[in-house]
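Thanks for asking me to look over this one with you. Please open the structure beside this note and follow along point by point.

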Amino acid sequence: MKKIIALCLALALALPIIGCTSDQDNENTPPSTEKWYIEGFYLKCDNGADMIIADPVGANPAYPCTMQPNDDTILFTDLTDGDRIKIEVYLVEEAYPAQTTVYSIEKISDGERADIPSDIISSLSELGWVN
């Protein structure tokens with residue numbers, strides 16, 4: 001009986017450790033192999049966060065999404081509010097605003113903050129992201 005209890009205890013301690021290991025050998029490896037692209041407007045938030053206001057697609061309305069660079073080669077410094085951009089992502093976390101990691105970025109054209117849909121700006125203003 002003591003051997004059975006000891007075995008169960010050993011398994012109970014070992015399984016969480018085994019479950020915490022990762023198959024990814026590089027922290028820059030995306031969580032999924034299916035990449036996709038988002039186009040929209042760039043917005044620099046008051047708290048310093050970088051955001052894309054994603055274009056509406058089909059029945060999905062436009063939505064704001066904070067962007068984190070995958071590495072130090074992804075730069076947002078040359079962008080201004082309203083610029084049209086295209087980003088490569090592998091996953092978008094559902095929240096408001098949504099969140100994603102950017103693996104590549106392309107500036108499509110110059111723009112102005114007035115180009116961003118006013119309802120999105122109002123919503124972000126109510127939440128304290130922008131003035």
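The points below go from the overall fold to single residues.

1. **How to read the numbers.** This is a predicted model, in which local features need pLDDT of at least 70, side-chain atom pairs count only at pLDDT 80 or more, and totals for chains, interfaces and linings use all residues. Residues are numbered from 1 along each chain as its sequence is written, while side-chain values use heavy atoms, with hydrogens and water left out.

2. **The overall layout.** The protein chain has two helices and seven strands; helices (H or I, at least four residues) and strands (E, at least two) are DSSP runs, numbered from the N terminus. If you walk along the sequence, the pattern is α-β-β-β-β-β-β-β-α.

3. **Surface and contacts.** The protein chain has an accessible surface of about 8700 Å², with 55% of it belonging to carbon and sulfur atoms; such areas come from the Shrake-Rupley method with a 1.4 Å probe, and for residues only the protein chains shown count as cover. Of the 131 residues, 31% are buried. Here buried means under 20% relative accessible area, exposed over 50%, and partly exposed in between (1.4 Å probe, protein chains only). Among contacts (heavy atoms within 4.5 Å) with a separation of 6 or more, 62% join residues 24 or more positions apart.

4. **The cysteines.** How many disulfides does the structure hold? The count is zero, a disulfide being a pair of cysteine sulfur atoms within 2.5 Å. Cys-45 counts as buried at 4% relative accessibility, and Cys-65 counts as buried at 0%.

5. **A stacked pair.** Rings of Phe, Tyr and Trp (its six-membered ring) pair if their centres lie within 6.5 Å, with planes under 30 degrees apart called stacked, over 60 edge-to-face and the rest tilted. This rule gives two aromatic pairs. Tyr-42 and Phe-76 are stacked, because their ring centres are 6.5 Å apart and their planes are at 20 degrees. Tyr-42 lies in strand β1 (residues 36-44) and Phe-76 in the loop between β3 (63-69) and β4 (84-89), so the pair ties together parts 34 residues apart in sequence. Tyr-42 is buried at 2% relative accessibility, and Phe-76 is buried at 8%.

6. **Charges over rings.** A charge sits over a ring if NZ of Lys or CZ of Arg is within 6 Å of the ring centre and within 35 degrees of the ring normal. Look for the charged end of Arg-84 over the ring of Phe-41, 4.8 Å from its centre. Then find Lys-86, whose charged end sits over the ring of Tyr-37, 4.9 Å from the centre.

7. **A buried aspartate.** Asp-83 is in the loop between β3 and β4 and is buried, with a relative accessible area of 1%. The side chain of Asp-83 reaches the backbone nitrogen of Gly-111 at 2.9 Å. Leaving out residues up to four places away in sequence, Asp-83 touches several others, including Phe-41, Tyr-42 and Lys-107.

8. **A cis bond.** The peptide bond from Tyr-96 to Pro-97 is cis, with omega near -5 degrees. Pro-97 is in the loop between β5 and β6.

Terms used:
A polar contact is a pair of N or O atoms within 3.5 Å; within protein, one must be able to donate a hydrogen and the other to accept it, and residues adjacent in sequence count only if both atoms are side-chain atoms.
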